[in-house]
Amino acid sequence: MSNQDEGCCEPLPEEPLAKEQAAEAAAVFKVLGDPVRLRLLSLIASRPSGEVCVCELTPAFELSQPTISHHLKLLRQAGLVDSERRGTWVYYRLRPETTDRMSALLASVSGERTPA
């Protein structure tokens with residue numbers, strides 16, 4: 001018989017994160033689980049102008065331009081960045097609504113805990 005069956009623990013009052021929310025957040029965090037993509041996001045977010053051309057991102061890595069484009073595509077599909085083609089080049093900018101949502105999620109699960 002488990003301790004919960006004996007009534008030692010109160011049931012959780014509510015589910016802090018719905019199943020659908022967890023699946024959506026996990027997909028975004030999975031994309032950010034790659035160091036190249038995390039660095040790309042950081043480079044894009046740090047630009048004072050709010051956007052950066054792919055031609056400026058590629059030299060920061062020892063990877064080919066198609067590989068960088070693939071990583072940027074995954075960031076775009078996860079809703080972390082938007083892109084706009086201007087002639088030959090594609091410019092990327094952060095989607096703050098997604099990063100703010102992820103930040104709020106992390107803040108909600110990292111509340112202060114009191115020692116047992």
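Me: How many disulfides does the structure hold?
Reply: Zero disulfides, a disulfide being a pair of cysteine sulfur atoms within 2.5 Å. This is a predicted model: local features need pLDDT of at least 70, side-chain atom pairs need pLDDT 80 or more, and totals for chains, interfaces and linings use all residues. Residues are numbered from 1 along each chain as its sequence is written, and side-chain values use heavy atoms, without hydrogens and water.

Me: Changing topic. How many salt bridges?
Reply: Seven. The rule is a side-chain nitrogen of Lys or Arg within 4 Å of a carboxyl oxygen of Asp or Glu.

Me: What does E51 pair with?
Reply: R86, with the closest N and O atoms 2.9 Å apart. E51 sits in strand β1 (residues 51-53) and R86 in strand β2 (residues 81-86), 35 residues apart. Strands (E, at least two residues) and helices (H or I, at least four) are DSSP runs, numbered from the N terminus.

Me: Which residues are linked in that network of salt bridges?
Reply: E51, E84, R86 and R93. E84 meets R86 at 3.4 Å, N to O. R93 meets E84 at 3.9 Å.

Me: And which residues form the nonpolar surface patch?
Reply: F29, L106 and V109, with about 240 Å² of accessible area together. Areas are Shrake-Rupley with a 1.4 Å probe, and for residues only the protein chains shown count as cover. Patch residues have over 30% relative accessible area and no salt bridge; like charges are joined within 9 Å, nonpolar side chains (Val, Leu, Ile, Met, Phe, Trp, Tyr) within 5 Å.

Me: Where is F29?
Reply: In helix α1 (residues 19-31).
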